[in-house]
Amino acid sequence: MEEKLGDMLWKTFEQSGDEVRDIKVTAPIDSLLTRLCRENDIDRSGIKLHVVRQDDVNAFALPDQHLVVFTGLIDMCENEAELCGVLGHELAHIAHRHVMRKLVREVGLSVLMSMTTGNGSGNTARSVLKVLTSSAYDRELEREADMASVDYMVQAGIDPEPFSRFMYRLG
C-alpha cells in the first residue's frame with residue numbers, strides 16, 4: 001500500500017511541479033544524502049530524491065521513501081551543513097515511518113486504502129499531498145526528526161550547529 005501511495009502521490013505532485021534534472025544541481029544534494037545514509041547505516045538505494053523548481057522554502061517526505069526538496073530551500077541554505085540538517089530531518093521522517101503515521105492519523109486508513117485500490121480521485125491525492133506539504137508533524141515527531149538529524153550529522157562528521165542556526169532563521 002505504501003509503495004502504491006508514494007508513487008501515486010509523487011505522480012500527482014510531478015504533474016504540477018517542475019523536477020530539476022540538471023546534474024549540476026542534483027548531484028551535490030544526492031552526494032550529501034548518500035553521505036548521511038552511508039555513515040548512519042541507512043539503505044540509500046530505496047530513497048527516491050526529487051529536486052523540484054519551486055520558490056517555497058520546503059522539503060518533505062512522501063510514502064515509499066520519496067524525499068522532495070524545493071529549490072527555494074536550497075537557495076536559502078548558506079552552506080552544505082544547513083542542507084544536510086534538512087535532509088537528515090526528512091530522512092528521519094522516512095526512517096521512523098512518520099509519513100504513514102501522519103497520514104493514517106490525519107487522513108484515515110480507509111481513505112488511503114481506497115486510493116491504492118483505484119477508488120481515490122485526483123482531488124483526494126491532491127488533498128493528501130497538501131497534508132504532507134503544508135502542515136508539520138506533531139511536536140513529538142518533529143523533535144524526534146530534529147534530534148535524529150543531529151545524530152546523523154554527528155555520525156557523518158558534519159557540525160550540526162549550522163542546522164540549528166538555519167532552523168532559527170526559518171522560525
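Predicted model: local features only at pLDDT ≥ 70, side-chain atom pairs only at ≥ 80, totals over all residues.
1. Let's start with E14: this residue is partly exposed, at 31% relative accessibility (buried is under 20% relative accessible area, exposed is over 50%, and partly exposed lies in between, using a 1.4 Å probe and protein chains only). Its partner in a salt bridge is R21, with the closest N and O atoms 3.6 Å apart (such a bridge needs a side-chain nitrogen of Lys or Arg within 4 Å of a carboxyl oxygen of Asp or Glu). R21 is exposed, at 63%.

2. Residues are numbered from 1 along each chain as its sequence is written, and side-chain values use heavy atoms, leaving out hydrogens and water.

3. Now look at D18 and R53, another salt bridge, with the closest N and O atoms 3.2 Å apart. This pair ties together distant parts of the chain, 35 residues apart: D18 sits in the loop between α1 and α2, R53 in the loop between β1 and β2. (Helices are DSSP runs of H or I with at least four residues, strands are runs of E with at least two, numbered from the N terminus.) D18 is partly exposed, at 39%.

4. One more pair: R38 forms a salt bridge with E39, the closest N and O atoms being 3.2 Å apart. R38 is exposed at 52%, while E39 is partly exposed at 31%.
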